[in-house]
Amino acid sequence: MKKFVLFTLIALCSISSYSQKKKATVKKITTTAKGVLAKVDNLVAEVKAGSFQITIDGKDAIVVKPVDAKFNPTDVKLTSFTASGTKLYLLSWTEKTLNKTDLKTEDITTVYSNVYEITSKKQVFYNTQLTNHIVEKVFLDKLKNASETQERMRREGFEFFLNPDGTITQKNKTQENKWVYDTAKMEFVDAKKKKK
């Protein structure tokens, strides 16, 4: 029995000495400058000096909108694409707001999609889509003895789609719009009118 225990102990020691140690995993941590939200090419979407802006080459800037310290956008993306032979940039982001009272809670999500022509520093298209999730306590009688909780969704604006060919589609429940870039006007125009 002693020989068996001794043999097992030696075997375990030899196995552990020959086994390969697990390599420590190294996580690549990327840090960005304070206020920088997205980058593409020579452009940076950032919050700087009370403005949400697109900075060009670290010098010039296009102010998207003035903001305060509470401004906290999510899903910020800056994307380049070509429309009618012109290079354009799509800046999209989401803002969330919570309005709460004793009887009503509104959880508002707003998705913004702005298209810019950088050479002229011009906004050539914008889209806003708002979704409001409302939870409300509604009284069923005048004396407020009985109540029920009602929940509903309210949507405003259009859902935004950037198509692979550089055209834009906007959709909601009842309507669909398609837009093409007009290089002469430097703006997106209704695709149906452009064909005429």
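E95 counts as buried, at 16% relative accessibility (buried means under 20% relative accessible area, exposed over 50%, partly exposed in between, with a 1.4 Å probe and protein chains only). The model is predicted: local features need pLDDT of at least 70, side-chain atom pairs count only at pLDDT 80 or more, and totals for chains, interfaces and linings use all residues. Residues are numbered from 1 along each chain as its sequence is written, and side-chain values use heavy atoms, with hydrogens and water left out.

The side chain of E95 meets that of K65 in a salt bridge, at 2.7 Å from N to O (a salt bridge is a side-chain nitrogen of Lys or Arg within 4 Å of a carboxyl oxygen of Asp or Glu). K65 lies in strand β4 and E95 in strand β6 (residues 86–100), so the pair ties together parts that are 30 residues apart in sequence. Helices (H or I, at least four residues) and strands (E, at least two) are DSSP runs, numbered from the N terminus. K65 is partly exposed, with 22% relative accessibility.

A search of the whole structure finds 5 salt bridges. One of them joins the side chains of D60 and K121, at 3.4 Å from N to O. This pair links distant parts of the chain, 61 residues apart. D60 belongs to strand β4 (residues 60–66), whereas K121 sits in the loop between β7 (104–117) and β8 (122–139). D60 is partly exposed, at 40% relative accessibility. K121 is also partly exposed, and its relative accessible area is 40%.

A further salt bridge is formed by E156 and R154. Their closest N and O atoms are 2.9 Å apart. E156 counts as partly exposed, at 38% relative accessibility. R154 is partly exposed, with a relative accessible area of 37%.

Strand pairing was examined next. Four strands form an open sheet in the order β10-β11-β12-β13, with antiparallel pairing (two strands pair if DSSP finds at least two bridges between them). β10 (159–162) and β13 (187–190) stand at the edges. Each has a single partner strand, so one side of each is left without a neighbour in the sheet. From one strand to the next, the twist averages 30° (axes are lines fitted to C-alpha atoms, for helices over the stretch in contact, and angles run from 0 to 180 degrees between N-to-C directions). Within this sheet, strands β11 (residues 168–171) and β12 (residues 176–182) run antiparallel and are joined by 4 bridges. T169 stands opposite K178 in β12.
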